[in-house]
Amino acid sequence: MTNITGKTYAMNAITPMKPWKTWLLRTVFFILGHVASLRNDLVNLSFIHFARWVIIPRQGFPHVTEDQPYEQLKYDYLLFFSNFNGTWNQYIDAFSSVLSNGLNQIWRWSEKFPGSVPVTPFKQYIARVQFETDFYYTAYPHAATNDVKAAHRVTDALHDFERQSAAMNPEQFEKAYQSFLVKVQRDLGSTGMAPVGT
Amino acid sequence: MSKLNETDIQGFVLRGYNFPLARYLFLELLEPEATQAFLDALLPSITTGQHWDQGKPDATINIAFTHKGLTQLRLPEPSLLSFPVEFLQGMKARGGVLSDTDRNGPEHWDEIWRDERVHAWLGVNAQCEEALDKCCDEMRQLAQRTGGAKIIGWQDANALKIDGQWSSKEHFGYSDGFGNPDYIGFRRTHQPGQGKLLPDGTWAPLATGELLLGYADEAGELPVAPIPHLLANNGTFMVYRKMHQNVNTFRQYLEAKGRQYPGGKEKLAAKFVGRWRDGTPVELSPDRPDPAIANDKESNVNFTFGEDQTGARCPIGAHIRRTNPRDAFGFETRLINRRRITRRGLPYGPYAPEDQPVRDDEERGIAFMALSASLARQFEFVQQQWIEYGNDSKLGNEKDLLLGNRQNGGRFMIQGDESGTNPPFMCGGIPNFVELRGGDYFFIPSMTALKMMSTGTVDPR
Amino acid sequence: MPNQSGSVYGLTLLSPIIGDPHAPVSHDLQLRLILGSMPRDHESPFAKVDSTHMCRLTVMNDVIYVGMPACEEHLQLQYLVFESNFDGDLETYLRRMAQQIPETVDAVWSHCLGYPGVINPDAFVAYMKKCQVTTTFYFADVNDKTVGQTLTALQTQSAVGAFVERNAGVHGAPLQQAFLKLMSDLREAPAPQPGSGREDANLCAVAGAGASSIHE
């Protein structure tokens with residue numbers, strides 16, 4: 001059982017919601033899906049590969065056989081799955097520092113959510129509603145999402161440069177190479193293991 | 001917010017004394033009763049944060065304790081166990097977090113650190129040798145007379161004397177001592193650029209609780225602290241690290257790469273750190289050092305990286321950009337505000353002029369200290385995520401050029417532009433310029449806490 | 001479409017786990033043991049289903065009681081959670097699972113209620129779809145590149161970094177020659193294996209010495 005593979009952490013959380021509040025959350029997600037700002041902030045923070053929220057209404061747990069008992073629940077449930085880079089503390093600190101509004105809009109409908117600021121009670125809440133990952137696979141364990149994005153930029157720039165420089169003489173080539181370096185100069189970090197979790 | 005009671009806070013926390021000499025005494029504490037007597041006798045001599053309106057003293061004395069030291073003092077169990085985990089474990093056990101492995105591992109440390117024998121740090125700073133020796137003698141006698149402590153080691157440290165003058169240089173030739181943060185309630189000259197960046201582009205001091213326990217911090221709460229309140233308030237945590245510098249290796253590397261780098265050796269040195277060796281921030285003066293800026297308190301820490309996203313002025317991986325990214329990650333400085341540290345300390349070892357031969361194995365380095373309300377969230381984070389790693393700067397696994405603990409070379413990319421005079425340049429095959437020779441985590445108590453410790457009246461309930 | 005972001009599909013499955021009070025080892029515990037020892041590197045079954053960017057499998061025991069005044073309640077069954085982020089459409093992915101890693105799928109889902117096996121792919125796909133819950137809000141930082149493109153890009157980035165370091169101070173014709181060799185090395189390099197974290201390894205073997213600070 002491990003939450004971490006390579007540079008990526010698999011977080012799972014489940015929180016209860018009073019059913020009448022679920023509709024408010026769906027509205028929030030609808031708006032967020034159509035307003036760029038939360039997605040932009042997530043892209044700028046740049047430490048999540050993939051994340052999803054899944055609302056499971058109290059009657060929405062999958063029912064696959066006839067004799068399977070139906071769930072008898074009072075609450076709807078909000079499931080959260082994240083694939084992020086960095087340590088658990090770092091992740092939550094960052095969200096609390098710069099994305100507290102967005103987080104509050106999503107989790108305020110969950111029972112006993114204390115708000116994402118200040119950070120200590122927020123961390124206690126997450127620790128309580130988080131459950132462990134038994135198996136976690138990533139196709140590129142030594143790459144954070146920053147590394148992935150940098151790699152794509154380098155690849156695109158490299159192919160452009162190869163095309164443009166194909167017919168150049170050495171002098172022209174070198175000049176074009178300098179331009180290529182300027183294009184990729186921030187994207188040549190190496191990949192590897194992540195620092196230990198704290 | 002509440003006004004700071006400067007007489008309750010140890011002076012070392014509130015200000016860097018700017019004395020040129022120091023001797024850090026490392027103590028083993030003996031029988032608790034004798035130690036209490038020692039502390040009791042020591043108390044009147046401890047330098048507080050009180051202002052020196054009558055002129056500076058010749059020497060200052062401050063004291064801090066490791067967790068083992070607090071345990072030896074027989075603080076009550078609930079108090080001892082309420083300290084943050086990383087302080088409880090001590091710096092040696094945190095080696096995995098800090099990358100204190102291989103050449104920086106404990107097997108290479110001085111014996112008192114390797115064996116975790118240090119219970120207390122007694123910091124003596126002085127204006128001259130006589131004052132330093134006199135003060136340390138007094139400490140020695142006090143320890144002997146009370147039988148409360150034994151001096152098991154010490155570290156001499158001194159500003160480098162260059163051409164007969166005390167300088168602020170360290171052994172790689174850089175002027176040091178910039179960049180300490182500014183906190184609410186601290187009475188000192190405020191320099192723009194020390195604190196946090198507000199949305200309107202002005203600077204404001206950081207919340208006091210980022211350094212001092214018992215005050216509101218940047219997260220809008222009281223920092224996690226040990227119990228009881230009286231033990232923690234007005235106190236802080238300190239990391240002490242003896243950082244050996246391989247001066248010869250550094251000079252050779254700078255020479256060799258400086259010959260290849262079109263901007264020349266001094267500009268290369270500036271790109272390594274983000275400041276020219278005279279202290280001029282590269283961000284404000286990318287082409288040449290500028291003493292007018294370097295010596296101007298209004299300018300020399302007053303800059304941001306927001307307009308330099310490409311790193312063409314100050315490389316993305318430059319030392320000061322790594323350790324204090326300011327607004328480089330966006331969101332003003334909100335991702336940085338809780339990662340600031342207050343640095344203290346001095347170089348150790350004799351000054352070696354640039355034109356004289358020097359050896360790596362000579363004792364030269366920095367007695368480095370950093371103060372913060374949380375070791376884990378502040379010092380350890382910067383060390384682990386920003387020095388020994390580069391993901392937040394989008395540099396992948398690249399480490400800090402000066403401090404990085406590399407096993408097999410490393411890369412440092414100097415970003416440039418297409419002007420012709422500032423081309424991109426990659427430095428490879430980077431050796432380890434700095435090696436760790438020991439250290440530990442300390443708690444610096446307030447005067448009130450010291451009194452309680454010396455009278456055995458710490459009561460967690 | 002909530003399950004999709006660009007070209008990446010976010011699949012969330014909750015499969016009820018068999019609750020057999022007479023089993024000597026309960027099914028959820030058996031599952032945990034299997035999942036705990038499943039390889040996560042290039043030997044991982046999900047490396048074979050190589051359209052998988054990232055996925056997790058975990059046993060969700062119960063809902064969590066957050067404390068008064070919230071009410072305490074419990075699930076009747078436990079659920080196996082399968083969260084996957086992959087390229088392409090759902091049908092193709094599920095069929096690939098049935099075809100490429102049938103033993104793994106059997107070993108895992110045989111502990112779940114109503115699992116029909118993989119012999120009949122249609123029945124398998126129908127079963128998995130029954131277990132699917134809709135993703136309400138899906139975020140993918142990079143949503144327009146496949147796993148293969150990503151691994152190749154990482155391999156390229158690593159090679160370019162090593163090239164730039166190796167050729168600092170090289171000019172003119174030798175630089176151009178070296179570059180042409182780099183491009184041909186990259187074209188010939190075998191595709192990196194998913195899950196291995198060794199995107200650079202193959203190219204190093206082909207290109208020879210020079211790469212530094214890449215490995216752990």
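How much area is buried between chain B and chain C? The answer is about 690 Å², and carbon and sulfur atoms give 51% of that area. Buried area is the accessible area (1.4 Å probe) that two parts lose on being put together, summed over both.

## About the model

This is a predicted model, in which local features need pLDDT of at least 70 and side-chain atom pairs count only at pLDDT 80 or more, while totals for chains, interfaces and linings use all residues. Residues are numbered from 1 along each chain as its sequence is written, chains are lettered from A and ligands numbered from 1 in the order in which they are written, and side-chain values use heavy atoms, with hydrogens and water left out.

## Chain B against chain C

Eight residues of chain B touch seven residues of chain C. Contact here means heavy atoms within 4.5 Å. Three residues of chain B, N408(B), R411(B) and M426(B), supply 64% of the area that chain B buries against chain C, more than any other three residues.

The rule finds one salt bridge across this interface. A salt bridge is a side-chain nitrogen of Lys or Arg within 4 Å of a carboxyl oxygen of Asp or Glu. R411(B) and E165(C) form a salt bridge, at 3.6 Å from N to O. The side of chain B that touches chain C has one nonpolar, five polar and two charged residues. In this scheme Ala, Val, Leu, Ile, Met, Phe, Trp, Tyr, Cys and Pro are nonpolar; Asp, Glu, Lys and Arg are charged; the others, Gly among them, are polar.

## Chain A against chain C

Chain A brings 95 residues to its contact with chain C, and chain C brings 89. Together they bury about 7800 Å², with 64% of it on carbon and sulfur atoms. R52(A), F135(A) and Y137(A) supply 12% of the area that chain A buries against chain C, more than any other three residues.

Four salt bridges cross this interface. E162(A) pairs with R187(C) in a salt bridge, and their closest N and O atoms are 2.9 Å apart. Helix 6 (residues 145-165) of chain A gives 14 residues to the side that touches chain C, the largest share. Helices (H or I, at least four residues) and strands (E, at least two) are DSSP runs, numbered from the N terminus. By class, this side of chain A holds 52 nonpolar, 28 polar and 15 charged residues.

Strands also meet here. Strand 3 (residues 48-56) of chain A pairs with strand 5 (residues 137-140) of chain C, antiparallel, over four bridges. Two strands pair if DSSP finds at least two bridges between them. Opposite W53(A) stands F137(C), in strand 5 of chain C.

## The shapes of chains A and C

Chain C has eight helices and five strands. Along the sequence its pattern is β-β-α-α-β-β-α-α-α-β-α-α-α. Its radius of gyration is 23 Å, well over the 17 Å that the globule rule gives for 216 residues, so chain C is more spread out than a compact globule. The radius of gyration is taken over C-alpha atoms, and the globule rule is 2.2 Å times the number of residues to the power 0.38. The C-alpha trace of chain C spans about 75 × 45 × 35 Å along its principal axes.

Chain A has seven helices and six strands. From the N terminus on, they run β-β-α-α-β-β-α-α-α-β-β-α-α. The radius of gyration of chain A is 22 Å, whereas a compact globule of 198 residues would be near 16 Å. Along the principal axes, the C-alpha atoms of chain A fill a box of roughly 75 × 40 × 35 Å.
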